[in-house]
Amino acid sequence: MAKDSPVTLAVIIGAHGVTGEVRLKVFAQDLSVHRSFNGGALTLKSVRHGNNGAIARFAEIPDRTAAEKMRGTELAVSRDALPPLGEGEYYHADLIGLAAVSETGEALGTVVAVENFGAGDVVEIERPRVENQGAKRFMVPMQPAAVPRWDGATLTIADGWAE
């Protein structure tokens, strides 16, 4: 991903109530520090945690009908609106699309997703397609024992983790 590309922090997954609130799947620790999304197209008025995730109100979404039409809309901010990264930190968006390689430089595939099931981030890597077979995928925990290093071009998988 280009370093000047917008970074998606959440996605609208549905309407909540009749007054235009939306339910969000949030990929950030704190969405409320941002007020403007998608180049100023959406202005966050409030966000709170509900029983099924985050619930937000945007100035541009006046009612349930409008909220339902927003389902699937990604909420992105410019990279310069994000805090700088510390040592060993990353944005998920920066990992997706990286070439995954072994410690000896062997191509293993491409990072296609970053998930978090509660115990930390896990990268999903798709192996190159083999004729007459579908693409195979494997997952690796984003921990130093499994991923000793990464940069803007590659993510290195430790021996024994790409089986």
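How many salt bridges does the rule give? The count comes to six, where a salt bridge is a side-chain nitrogen of Lys or Arg within 4 Å of a carboxyl oxygen of Asp or Glu.

## Basis of the model

This is a predicted model, in which local features need pLDDT of at least 70 and side-chain atom pairs count only at pLDDT 80 or more, whereas totals for chains, interfaces and linings use all residues. Residues are numbered from 1 along each chain as its sequence is written, and side-chain values use heavy atoms, with hydrogens and water left out.

## Domains

The protein chain is divided into domain 1, covering residues 7–80, and domain 2, covering residues 92–157, with bounds that come from an automatic or database domain assignment. Taken over C-alpha atoms, the centres of domain 1 and domain 2 are separated by 29 Å.

## Arg57 and Glu21

One of the salt bridges joins the side chains of Arg57 and Glu21, with an N to O distance of 3.6 Å. This pair links distant parts of the chain, since Arg57 belongs to strand S5 (residues 53–58) and Glu21 to strand S2 (residues 21–26), 36 residues apart; helices (H or I, at least four residues) and strands (E, at least two) are DSSP runs, numbered from the N terminus.

Arg57 is partly exposed, at a relative accessible area of 23%, while Glu21 is buried at 10%. In these terms, buried means under 20% relative accessible area, exposed means over 50%, and partly exposed lies in between, using a 1.4 Å probe and protein chains only.

## Glu68 and Arg64

A salt bridge also forms between Glu68 and Arg64, whose closest N and O atoms are 2.9 Å apart. Both residues lie in helix H1 (residues 64–69), and because they are four residues apart there, about one helical turn separates them. Glu68 is partly exposed at 40% relative accessibility, and Arg64 is likewise partly exposed, with a relative accessible area of 33%.

## Arg137 and Glu124

Arg137 and Glu124 form a further salt bridge, in which the closest N and O atoms are 3.3 Å apart. Arg137 lies in strand S10 (residues 137–141) and Glu124 in strand S9 (residues 121–126), so the contact ties together parts that are 13 residues apart in sequence. Of the two partners, Arg137 is partly exposed, with a relative accessible area of 47%, whereas Glu124 is buried at 16%.

Salt bridges that share partners join Glu21, Arg48 and Arg57 into one network.
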